[in-house]
Structure formats: structure tokens, C-alpha cells
Amino acid sequence: TMASVPAKVAGVEELVVCLAPGRDGKVHPAMLVAARECGVSEVYACGGAQAIAAMAYGSESIRRVDKIVGPGNPYSQFAKKEVFGVVDTDKIAGPSEILVIADESATPAFIAADLISQAEHSEDCSSILVTTSREIADATNVELERQAPTLPRAEVIRGSFAEFGAAFLVENLDAAVELTNRIAPEHAEVHTRDAFQLATRLRNVGGIFVGEWAPEALGDYVAGPNHILPTGGTARFSSAMGVSDFVKTSNLLAYSATALARLTETVVTLA
């Protein structure tokens, strides 16, 4: 859905989706209904790097495409990197990242829950707190110790925090903004008094969630405009997926004989 809607808005006429089947070889009916509702032209029961290769080069049963987009496991993401140039691709997406900016007014239980919401994805996800308050940092750590053991993916959460979790204590919110822009996270939440004002100063973030009532998990599932976001610091130079990803342009030139004559000497000199 996240990829097909902006493509449709941009005017893409043919949408092809590869969906990894279950062990029985079938695709979940809900996925097929979603594809139909989004105007998908073709659906193939195929996933992973092999689906990327089939779409890029074509196979006996899958026609080659012009552009491949969307998230996936590391194999499919690096497969997109391999076929770039044969087709266009969007970005190398993943692992997931969250960074929470908090001042002394923040709620530690909310911060902890939101950090966990990404840490539970996999052990290579990144969950970072940047705060001006040592009390908030300490209280958030207590909440993490309280909440994580109650969850079914507690071991994954612990592994994620051990490898890629961090809390940065900064002198002021200016430093918090500077650090966030250097890290360039996929998601940044702003839990501060003047959240909107601070959010406008974040330049290198895939998605910005303003205030403690806009948890990142909301964007994972229901809130737009899109949740296919840059990761791994690539928010420094790339954006969330949107309509512009499916728009291309052509240069158009037309000259009269008189206009060409005025430039002939310049062209000859440069040539």
C-alpha cells in the first residue's frame, strides 16, 4: 500500500507486486485484497532476492519492470543494490532506527515504550535517547527494565539495546538538534515543551513525530504520508517515498533558424 498509492497518484499504469508465499505456496488473502484495492496490476507468489532478480531481468513467468521499490529483509535490499542500473530502485531500507529527543517535561514510560517498539524488530535495530535531563535518562532506563521483560520478544529487545542502544545527555536542545542531524535517523520523536518549534529544526530525518501522542508505531501501521524511509544515515541526502519517486522528466529543446544562427559561433568555438 505504501508504495502503490504514490505510484498511482504519479500516474504509473502498471503496478507489479511480489508477495512471499507461506509454506503452502499460497499468499495470504488479506494481502491479495490490499493489492486489488490499491490498483495493483499483477501479483506473483515470490519473495526475497529471487523476486528482485526476476523483476529486474525477467523470467519465464515474470516480466521485467522499470523500477523496484519497497522494504524487505537484508537479502532483498542488497539484491536491489545489485540490480540498480538495470532497473531503478528506491533505497536500501533497514534496519529500523528510532531517536527520541526529550527534555525534563517528557514521560519516561512513553519514551521507553517507543524505543522498545523499534528494538523488538531485530537485534540490529537502533534505539537512541537524546535528552537534556539526567533524571529523564535514568527514569527511562528504569522503565526499559520494567517493560521489556514482559514482552514476547524480550531477548531480541535486550540484544538490540546491547548492540545499538544509547542515551546521550546533552547540554541543551540546540545540542540535541545538532546531534540528531548528524545521526540522521530514520525516525525521530520530539518529546519537548515546544515540540513543533524544535521539529522544524530537524533537517536530516526520514520521519518526524511531534509530541508524545504521536508514537512512531502509529506511522508503522496507519499514519501517513508514507513509511518507506531512509535509514543508515541516508536521511542526509534522501527522503521518504512519495509521488516524486515515480515521476521522471525529459528535457525539451526547440530553436528557430534565427536563434540557432545567433549561437552557431559559440557552439563551434566550444566544440
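Is glutamate 104 buried, exposed or partly exposed? At 47% relative accessibility, glutamate 104 counts as partly exposed. Here, buried means under 20% relative accessible area, exposed means over 50%, and partly exposed is in between, with a 1.4 Å probe and protein chains only.

Hi everyone. This is a predicted model, so local features need pLDDT of at least 70 and side-chain atom pairs count only at pLDDT 80 or more, while totals for chains, interfaces and linings use all residues. Residues are numbered from 1 along each chain as its sequence is written, and side-chain values use heavy atoms, with hydrogens and water left out.

Let's stay with glutamate 104. Its side chain meets that of arginine 193 in a salt bridge, at 2.4 Å from N to O. A salt bridge is a side-chain nitrogen of Lys or Arg within 4 Å of a carboxyl oxygen of Asp or Glu. Arginine 193 sits in the loop between β8 (187-191) and α9 (195-199), and glutamate 104 in the loop between β5 (97-102) and α5, so the pair ties together parts that are 89 residues apart in sequence. The helices (H or I, at least four residues) and strands (E, at least two) are DSSP runs, numbered from the N terminus. Arginine 193 is exposed, with a relative accessible area of 57%.

How many salt bridges does the structure hold? There are 8. Another one joins arginine 63 and glutamate 14, at 3.5 Å from N to O. Arginine 63 lies in the loop between α3 (48-57) and β3 (67-68), and glutamate 14 in the loop between α1 (4-10) and β1 (16-19), so this pair links parts 49 residues apart in sequence. Arginine 63 is partly exposed at 47%, while glutamate 14 is exposed at 53%.

Now look at helix α6 (residues 134-147), where glutamate 143 and arginine 146 are 3 residues apart, about one helical turn. They form a salt bridge too, with the closest N and O atoms 2.7 Å apart. Glutamate 143 is buried, with a relative accessible area of 15%. Elsewhere, salt bridges that share partners join Glu14, Glu42 and Arg63 into one network.

On to the rings. A search of the whole structure finds 1 aromatic pair. The centres of phenylalanine 110 and tryptophan 213 are 5.3 Å apart and their planes meet at 65°, so the pair is edge-to-face. For the rule, rings of Phe, Tyr and Trp (its six-membered ring) pair if their centres lie within 6.5 Å; planes under 30 degrees apart count as stacked, over 60 as edge-to-face and the rest as tilted. Phenylalanine 110 is partly exposed at 28%, and tryptophan 213 is exposed at 70%.

Finally, helix α4 (residues 74-83). Which residues of α4 are buried? They are Ser76, Gln77, Ala79, Lys80 and Val83. These residues cover an arc of only 155° around the axis, which puts them on the same side of α4; the arc is that of the directions from the helix axis to the C-beta atoms. The face turned away from that buried side carries the exposed residues Pro74, Tyr75, Lys81 and Glu82.
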